[in-house]
Amino acid sequence: PRGITPISGIYTNGVLELCFAVDMGTIIATVTNTTTGEMWCESGNSNDGVLSVEITPTPGNYSVTIETQNGDIYLGMFAL
């Protein structure tokens with residue numbers, strides 16, 4: 001079931017900032033431009049509050065996958 005997640009994101013000038021409302025431990029974020037196939041990955045600690053992923057600002061559809069150290073997976077999508 002879908003629900004409200006403790007993660008939000010904002011895109012500005014080639015950078016996707018993922019904001020964490022709770023400590024989820026170590027996380028790995030993968031951003032994929034589903035139009036071109038380009039992918040970017042970043043890892044960090046969610047207790048820092050924000051994880052920034054620099055991407056190429058190519059118009060298209062993007063998917064975001066966030067995996068926590070506990071194995072939880074969060075998915076999101078956005079378009080430029």
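This text walks through the fold, from the whole chain down to single residues.

The structure is a predicted model, so local features need pLDDT of at least 70 and side-chain atom pairs count only at pLDDT 80 or more, while totals for chains, interfaces and linings use all residues. Residues are numbered from 1 along each chain as its sequence is written, and side-chain values use heavy atoms, with hydrogens and water left out.

Start with the whole chain. The protein chain has zero helices and seven strands. Its elements run β-β-β-β-β-β-β from the N terminus on. Helices (H or I, at least four residues) and strands (E, at least two) are DSSP runs, numbered from the N terminus. Along its principal axes, the C-alpha trace spans about 30 × 30 × 20 Å. The radius of gyration is 12 Å, which agrees with the value near 12 Å for a compact globule of 80 residues. That radius is taken over C-alpha atoms, and the globule rule is 2.2 Å times the number of residues to the power 0.38.

Next, the surface and the contacts. Of the 80 residues, 31% count as buried. Buried means under 20% relative accessible area, exposed over 50%, and partly exposed in between (1.4 Å probe, protein chains only). The chain exposes about 5000 Å², and carbon and sulfur atoms supply 52% of it. These accessible areas come from the Shrake-Rupley method with a 1.4 Å probe; for residues, only the protein chains shown count as cover. Among contacts with a separation of 6 or more, residues 24 or more positions apart account for 45%. Contact means heavy atoms within 4.5 Å.

Now the strands. Three of them form an open sheet in the order β1-β2-β5, with antiparallel pairing. The edge strands are β1 (7-12) and β5, each pairing on one side only. Two strands pair if DSSP finds at least two bridges between them. Five bridges join β2 to β5. One partner of Val-15 is found there: Glu-54 in β5.

Turn to β3. Six of its eight residues are buried. Seven bridges join β3 to β4 (residues 39-45), and the two run antiparallel. Ile-28 stands opposite Ser-43 in β4. β3 and β4 form a hairpin with five residues between them, and Gly-37 in the turn has a positive phi of about 90°. Seven bridges also join β3 to β6, again antiparallel. Here Ala-29 stands opposite Ile-66 in β6.

Thr-30 is buried, with a relative accessible area of 19%. Thr-30 touches Met-39, Trp-40, Cys-41, Ser-63, Val-64 and Thr-65, not counting residues up to four places away in sequence.

The largest nonpolar core has 15 residues, and Leu-18, Phe-20, Val-31 and Ile-66 touch the most other members. β2 (15-20), β3 (26-33), β5 (50-54) and β6 (61-68) each supply at least two residues of this core. A nonpolar core is a set of buried Ala, Val, Leu, Ile, Met, Phe, Trp, Tyr and Cys residues joined through side-chain atoms within 4.5 Å. Leaving out residues up to four places away in sequence, Phe-20 touches Pro-6, Ile-7, Ile-27, Ser-46, Gly-49, Leu-51 and Ile-66.

Finish at Thr-5, in the segment before β1. Thr-5 is partly exposed, with a relative accessible area of 38%. The C-alpha atoms of Thr-5 and Leu-75 are separated by 9.9 Å, although these residues are 70 residues apart along the chain.
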